[in-house]
Amino acid sequence: MKVSLRLILGIGLVFIGLACGIWTNAWGAVASALEDSINRSFQVHPGGRLTVDADLGSIQVKAGDSNRVDVEVIRRVDTRDQADADSILRELDLQFSQNGNDVRVSAKLPRGSRWWNRERQHLQLTFIISVPHAYNLDLNTSGGSISVDDLQGEVRSRTSGGSLHFGRIQGPVYGRTSGGSIQLEGSSGIADVETSGGSIRIGDVEGEVRANTSGGSIHIAKAKGNVKAETSGGGIDVQEVMGDIQASTSGGGVSATITQQPRGNCRLATSGGSVNVRLADNIAVDLDAEASGGGVSVDFPVTIRGEIDKHSLRAPINGGGPKLVLRTSGGGVHVRRLERAR
């Protein structure tokens, strides 16, 4: 009797396994069938503008070698019901238009559509776009990352749900995200970037740099203009700045190298680490340094009037000039002489 029961259980498990396999294969076939792509091409001249306005989806822009804007939109729907998938795609309002050398792509879903019930279905969009090397961009999405290759032109981008990555841009860069990191390899204009959910890394910038994050660190390789950097969730490192600098954080240390004479006052402050500044030999500033959590050290010769306080120092460097204000309550302040490579 025990053998028969085991036999029956074994046969039952085999049938269950076969049924599961058939269901899985069927589901895989349905899932793979719910992805397609739409392609459009537009003849343009360099200097135009691409505008993408999407309720969701990631955006990838590449610089091509022709005077065309080529757009591929990949649509993917994850749902167990083919009818639901067809309905979702019908509700997606995907529009392409051209006005002179400008191209516009729009992807909208009406409020109240079944897409907004995320438990029933999920729609993914990917925009892969090629533009002339000299072209301007205005990219907006509410649900994905944005990446831009090297190109010449103005780049404006905004997303509420992903990271931003820019190559070397010969022009100004404006980027906003509330849910990811930002990386800019370089730009010849102003770099104005902000995120509330990640770190910021910036390469060489010919103009000013404005970087703000509340959820990560900030790293800037080189800025020929002024720098304003703020974060409450990490450290700040500016390897070289040739203009004025304003840098503050409550979540890490601050370090900067100043290689050109500032025209205005500079300030570096933190409540969560040390402040380290390297100055070129000829930099002339009025130092105003305080470190309630450590000491103050300076490589330059200074004249101190009154009593010596190891936690603060106010004195001119190289005869004085604009103010260099350094503040920390979580470490020390160190002002070093920049050693040039011979």
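Reader: What makes strand S14 and strand S16 a pair, and in which sense do they run?

Author: In this predicted model, five bridges join S14 to strand S16 (residues 200-205), and the two run parallel. Pairing requires at least two bridges, so with five bridges S14 and S16 count as paired. One of the links is between Ile 182 and its bridge partner in S16, Ile 200.

Reader: Why is the contact between Arg 75 and Asp 36 called a salt bridge?

Author: The closest N and O atoms of Arg 75 and Asp 36 are 2.7 Å apart. The limit is 4 Å between a side-chain nitrogen of Lys or Arg and a carboxyl oxygen of Asp or Glu, so the pair qualifies. It links distant parts of the chain, with Arg 75 in strand S4 (residues 68-78) and Asp 36 in strand S1 (residues 35-43), 39 residues apart.

Reader: Are the two partners, Arg 75 and Asp 36, buried or partly exposed?

Author: Arg 75 has a relative accessible area of 13%; buried means under 20%, so Arg 75 is buried. Asp 36 stands at 30%, which lies between 20% and 50%, and therefore Asp 36 is partly exposed.

Reader: What makes Arg 337 and Asp 281 a salt bridge, and where in the chain do they lie?

Author: Their closest N and O atoms are 3.2 Å apart, which is within 4 Å, so the pair is a salt bridge. Arg 337 belongs to strand S29 (residues 333-337), whereas Asp 281 lies in the loop between strand S24 (275-279) and strand S25 (285-291), 56 residues apart. Arg 337 is partly exposed at 33% relative accessible area, and Asp 281 is partly exposed at 45%.

Reader: Why is Thr 328 called buried, and which residues does it touch?

Author: Thr 328, found in strand S28, has a relative accessible area of 5%; the limit is under 20%, so Thr 328 is buried. Leaving aside residues up to four places away in sequence, Thr 328 touches several residues, among them Thr 270, Val 275, Glu 290 and Val 333.

Reader: Which backbone nitrogens make polar contacts with the side chain of Thr 328?

Author: The backbone nitrogen of Gly 330 lies 3.1 Å from a polar atom of the Thr 328 side chain, and that of Gly 331 lies 3.3 Å from one. The limit is 3.5 Å, so both distances fall within it.

Reader: What does the chain contain as a whole?

Author: The chain has two helices and 29 strands, and buried residues make up 43% of its 342 residues.

Technical notes. Residues are numbered from 1 along each chain as its sequence is written. This is a predicted model: local features need pLDDT of at least 70, side-chain atom pairs count only at pLDDT 80 or more; totals for chains, interfaces and linings use all residues. Side-chain values use heavy atoms; hydrogens and water are left out. Helices (H or I, at least four residues) and strands (E, at least two) are DSSP runs, numbered from the N terminus. Buried means under 20% relative accessible area, exposed over 50%, partly exposed in between (1.4 Å probe, protein chains only). A polar contact is a pair of N or O atoms within 3.5 Å; within protein, one must be able to donate a hydrogen and the other to accept it, and residues adjacent in sequence count only if both atoms are side-chain atoms. Contact means heavy atoms within 4.5 Å.
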